[in-house]
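Subject: Structure handover

Hello,

The structure is below for your files. My notes on it follow.

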Amino acid sequence: EAPPYRHSATPEETGKRWEAKFARYQLNAGLGDPWAMAALHFCFAKGLGTEKSPDRAYHWARQADRFKAPAGLGRFLLARSY
């Protein structure tokens with residue numbers, strides 16, 4: 001539910017915070033954390049900490065769907081991608 005920070009009063013500061021979060025999500029997703037994969041899906045879908053990329057958002061939805069726990073997370077993200 002994060003608003004687009006590029007049009008806020010402090011876009012540089014908020015952008016740096018999102019870039020740090022994005023880097024942390026990438027690290028945790030690489031370790032197999034499905035919640036971090038979900039976070040990456042939303043980062044790519046909304047352009048938080050990175051450029052928007054529907055293809056990358058779909059990729060992370062598919063990766064999260066490979067894990068069956070937590071139930072329904074991957075399916076929810078795949079549905080959002082369509």
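Is arginine 75 buried or exposed? At 54% relative accessibility, arginine 75 counts as exposed, whereas aspartate 65, at 14%, counts as buried (buried is under 20% relative accessible area, exposed over 50%, partly exposed in between, with a 1.4 Å probe and protein chains only).

This is a predicted model, in which local features need pLDDT of at least 70 and side-chain atom pairs count only at pLDDT 80 or more, while totals for chains, interfaces and linings use all residues. Residues are numbered from 1 along each chain as its sequence is written, and side-chain values use heavy atoms, with hydrogens and water left out.

A search of the whole structure gives one salt bridge (a side-chain nitrogen of Lys or Arg within 4 Å of a carboxyl oxygen of Asp or Glu). The partners are aspartate 65 and arginine 75, with the closest N and O atoms 3.2 Å apart. Aspartate 65 belongs to helix H3 (residues 54-66) and arginine 75 to helix H4 (residues 73-81), so the pair ties together parts 10 residues apart in sequence. Helices are DSSP runs of H or I, at least four residues, numbered from the N terminus.

On the helix pair: the axes of H3 and H4 (lines fitted to C-alpha atoms over the stretch in contact, with angles from 0 to 180 degrees between N-to-C directions) come within 8 Å and cross at roughly 160°. H3 and H4 are therefore roughly antiparallel (over 145 degrees). Residues in contact (heavy atoms within 4.5 Å) include Ala61 and Asp65 in H3, and Arg75 and Leu78 in H4.

Regards

Key
Helix = DSSP H or I, 4+ residues; strand = E, 2+ residues; numbered from the N terminus. Parallel < 35°, antiparallel > 145°, perpendicular 65-115°, else oblique.
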